[in-house]
Amino acid sequence: MTALDEVKIGGLGASRLRVEDQRFVRGRGTYLDDIKLPGMLYMEIVRSPLAHARITRIDTSKAWQIPGVRLVLTGEMMAQRNLAWMPTLSYDTQAVLATDKVRFQGQEVVVVVADDPYIAKDGCDAVEIDYEPLPAIVNPEQSAAPGAPIIRDDKPGQTDNTCYRWEVGDREATERAFAEADVVSSLKLHYPRSHPSPIECCGAVADFDAGTGKLTVYMTTQAPHIVRAAVALIAELPEHQIRIVSPDIGGGFGNKVPVYPGYVHAILASILTGRPVKWIEDKTGNLISTGFGRDMYLDAQMALRRDGKILAVRMHADTDQGAFFADAQPSKFKVGLLHSAFACYDIGIGYITAQGHYTNKAPGGVAYRCSFRVTEAMFFQERMMQAAATDLGMDQAEFRRINLRRDVAFPARTPFGFLVDSGQYHKCLQVGLDAIGYDEFRREQAAAREKGRLLGIGISTMTEPLGAGNSREYDILGIKMFDSAELRVHLTGKAILRTGARTQGQGHETTWAQIVAHELGIPADDVVVEEGDTDTAPYGMGTYASRSTPVAGAAVSMAARKVRAKARKIAAHLLEVSEEDVEWELGRFYVRGAPERGASIQECAMAAYSNMPDGMEPGLEATAYYDPPNLTWPFACYIVTVEVDPETGVWDVLRVVAVDDCGVRINPMIVEGQIMGGLTEAYAMASMQFQTYDADGNMIGANYMDYLLPTAWETPGFELHEVVTPCPHHPIGAKGVGECAAVGGPAAFVNAVIDAIGDAGVRNIDMPLLPDRVWTALQTRQSVSGAPPVGRS
């Protein structure tokens with residue numbers, strides 16, 4: 001017997017087909033709306049049509065009179081049970097049902113529970129509510145203006161619309177660097193509000209058993225254990241009597257991390273009616289009221305030497321948090337990991353300030369396919385890099401070469417405190433430039449311009465901190481951001497793996513088994529993966545911010561190594577040698593110097609239940625909690641070429657080249673799928689996703705006629721390349737990749753368009769770069785803002 005072929009058994013490097021797809025493509029998945037319980041009732045929500053208004057009257061009498069209506073809940077009824085307000089994951093409070101006034105369009109005001117969803121909708125239509133309109137605030141400038149109405153007048157001592165102030169870096173050193181600079185480059189821009197738009201909306205099926213006192217909630221959540229803790233705090237139920245089950249999830253992208261009022265409504269309704277209650281959100285409800293991403297304003301400067309060296313950066317960000325500060329992010333970082341900006345560049349000095357603003361919009365700022373505001377950080381960074389290169393009259397690729405960290409410079413500390421541990425940044429850039437044919441394109445661009453054609457090329461080079469995070473710095477609601485895995489090998493050598501993460505489409509059921517195959521030599525097909533049930537899964541912080549492979553995947557590896565350590569002792573017993581004389585190769589232990597004498601991992605598993613050494617507990621299983629020593633730092637280079645029609649402002653993508661260094665790739669096929677998905681979202685953000693507000697706080701983008709999603713028709717093709725720099729502290733050298741393209745990609749598209757119209761002297765066009773904005777920029781030779789309020793065009 002010899003070592004196994006790792007790829008053949010589905011280990012690291014195998015492009016193993018996704019095992020979950022066997023049920024998904026056959027329509028055999030179990031999504032929330034597939035769950036039907038005996039006696040189940042249905043819940044619908046009455047939402048406010050106004051962005052800011054006092055509630056003067058609520059009359060629910062007609063709703064109560066409709067046959068089949070079982071419960072009508074108002075904010076006053078919730079207040080009687082101390083449930084009108086709930087804590088958020090950012091240590092703020094959020095209205096569960098409005099009591100005094102509504103603070104954003106779409107806010108929950110009344111809940112109706114009935115025998116079927118149609119009766120519940122009829123009940124909602126029968127509710128009468130009178131509002132006294134108040135002035136609406138839709139951007140930070142209005143929020144901070146003198147005399148602005150106080151949105152959060154429910155909070156004692158709240159005298160303005162500021163929800164946080166935050167700073168990091170060395171202010172004095174930064175000011176000195178700017179005083180010594182040859183050139184100061186400045187840029188102002190807005191990263192617009194974006195919505196994750198999962199195919200499956202949010203929802204819950206709550207089932208309270210009065211006999212046992214047990215609450216079971218089936219829920220579309222990416223973080224079941226966090227939600228269980230939050231429900232215990234809100235509903236004042238014992239945590240061990242709460243079971244959260246997250247079935248198959250139809251996409252999340254960060255949208256399904258927060259605790260939404262609808263969850264609380266369903267739970268209370270089940271307690272009051274004594275029957276299971278189902279709430280399924282509709283598309284408009286999801287778009288208008290659930291967690292958004294982005295909506296951040298940048299005012300930044302860069303201190304430069306004439307030779308292209310960056311001396312220092314200075315940034316101020318204003319974030320539009322909506323009516324409640326409800327981000328899911330590490331407690332100590334009020335603006336997420338915005339200060340990860342410029343981590344890939346050799347810059348020693350910097351200073352960042354940020355201020356959060358309450359506005360009359362739904363709560364925003366979720367980690368939409370990014371690691372806590374890193375998307376904004378990388379977009380700001382790469383737009384600033386292009387603007388600075390332009391101000392210096394320097395080629396944008398050369399400007400990056402001058403400032404990117406060298407391979408010999410790792411590990412390196414950023415001016416904002418992060419430790420970046422590995423990377424081949426220059427190699428990634430060069431691979432991308434060679435693939436796109438950078439020099440040849442520049443020659444084609446110059447020739448085309450003489451004929452009136454506008455070609456452009458945009459670059460984005462970025463590193464993203466993933467895997468939050470080590471317990472010294474990272475927690476949510478005081479809970480440290482570790483993750484966990486429990487691996488049990490049965491006597492036949494088959495295994496079951498449970499983790500505290502929750503897949504939302506990344507392929508955990510496939511890739512986690514591949515890690516077990518890598519560590520133990522058990523074929524991946526012999527490993528079943530289970531997640532999402534707090535009654536069976538070990539405690540974990542869930543899936544978001546690309547934590548899956550960096551943290552949960554590491555926990556899987558460590559649990560498997562614990563199993564292997566016990567199996568080694570069993571192998572020594574079976575082979576009748578000391579443990580020190582036992583060697584390991586994939587799938588088997590053997591005697592040092594006598595490789596023909598060995599015991600397979602399956603034989604050790606059988607012995608763990610039938611022939612264990614004296615004094616050893618039976619069984620072959622282990623649980624591991626992984627507290628990462630540092631974040632992981634994948635790097636990527638994205639290069640886009642475009643052509644802009646000067647007559648219409650329409651721009652077409654010619655080519656997209658992506659070079660990703662995500663460390664060791666577990667399943668190359670899944671990695672490539674993640675990159676393509678991220679690039680598609682990046683293209684959508686840059687070109688078409690338009691979600692904004694008018695002066696009255698009405699959302700423009702509450703349906704898919706206004707908020708556009710790219711189809712296969714619009715989406716360009718992608719050319720993928722790879723560089724591999726193993727993470728030095730991750731058990732298998734992986735870094736994570738699920739978010740990188742969505743984080744770094746948007747700037748490449750925008751930079752390409754700005755490069756194409758460079759002769760017009762236009763510094764910035766806010767996303768999305770709709771044709772009318774590009775045309776306006778060409779005609780006026782000025783930047784074009786997309787900040788609300790706007791009118792419907």
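Colleague: Is Lys-155 buried, partly exposed or exposed?

Modeller: Remember that this is a predicted model. Lys-155 has a relative accessible area of 21%, so Lys-155 is partly exposed. The cut-off for buried is under 20%.

Colleague: Which residue forms a salt bridge with Lys-155?

Modeller: Start with the general idea. Side chains of opposite charge can pair when their charged atoms come close. Here the partner of Lys-155 is Asp-92, with the closest N and O atoms 2.9 Å apart. The pair links distant parts of the chain, 63 residues apart. Lys-155 is in the loop between α5 and β9, and Asp-92 is in the loop between β4 and β5.

Colleague: Which arginine side chain meets Asp-92 in a salt bridge?

Modeller: That is Arg-152, at 3.1 Å, N to O. Arg-152 and Asp-92 are 60 residues apart. Arg-152 has a relative accessible area of 0%, so it is buried. Asp-92 counts as buried because its relative accessibility is 5%.

Colleague: What network do these residues belong to?

Modeller: A network of salt bridges links Arg-54, Asp-92, Asp-100, Lys-101, Arg-103, Arg-152, Asp-153, Asp-154 and Lys-155. The whole structure holds 59 salt bridges. One of them joins Asp-59 and Arg-57, at 3.5 Å, N to O. Asp-59 is partly exposed at 23% relative accessibility. Arg-57 is partly exposed too, at 34%.

Colleague: Over which ring does the charged end of Arg-152 sit?

Modeller: Over the ring of Tyr-358, 5.3 Å from its centre. Arg-314 gives another case. Its charged end sits over the ring of Phe-178, 3.9 Å from the centre.

Colleague: How many aromatic pairs are there, and how do I read one?

Modeller: There are 19. Take the distance between centres, then the angle between planes. The centres of Tyr-263 and Trp-279 are 6.1 Å apart and their planes stand at 70 degrees, so this pair is edge-to-face. The cut-off for that class is over 60 degrees. Tyr-263 lies in helix α8 and Trp-279 in strand β14, 16 residues apart. Both residues are buried.

Colleague: Which pair is tilted?

Modeller: Phe-333 and Tyr-474 form one, with 5.5 Å centre to centre and 50 degrees between the planes. Each residue lies in a loop, and the pair ties together parts that are 141 residues apart in sequence. Phe-333 counts as buried at 6% relative accessibility, and Tyr-474 does at 1%.

Colleague: Which strands pair with β14, and in what sense?

Modeller: Strand β1 pairs with β14 in the parallel sense, over three bridges. There, Tyr-42 has Lys-278 as its bridge partner. Strand β11 pairs with β14 in the antiparallel sense, over four bridges. Gly-203 stands opposite Ile-280.

Colleague: Which residues make the covered face of β29?

Modeller: In a regular strand the side chains alternate between the two faces of the sheet. In β29, Leu-620, Ala-622, Ala-624 and Tyr-626 make the covered face. Glu-621, Thr-623 and Tyr-625 make the uncovered one. Seven bridges join β29 to β23, and the two run antiparallel. Leu-487 stands opposite Ala-622.

Colleague: Which residues make the nonpolar surface patch of about 250 Å²?

Modeller: Leu-491, Met-606 and Tyr-609. Met-606 lies in helix α16, residues 601–610. Met-606 counts as partly exposed because its relative accessibility is 37%.

Technical notes. Residues numbered from 1 in each chain as written. Predicted model: local features only at pLDDT ≥ 70, side-chain atom pairs only at ≥ 80, totals over all residues. Heavy atoms only, no water. Patch = residues over 30% accessible without salt bridge, like charges linked within 9 Å, V, L, I, M, F, W, Y side chains within 5 Å. Areas by Shrake-Rupley, 256 points an atom, 1.4 Å probe, with all protein chains shown as cover. Salt bridge = Lys/Arg side-chain N within 4 Å of Asp/Glu carboxyl O. Buried < 20%, exposed > 50% of the residue type's maximum accessible area, 1.4 Å probe, protein only. Phe/Tyr/Trp six-rings, centres within 6.5 Å; stacked < 30°, edge-to-face > 60°. Lys NZ or Arg CZ within 6 Å of the ring centre and 35° of its normal. Pairing = 2+ DSSP bridges.
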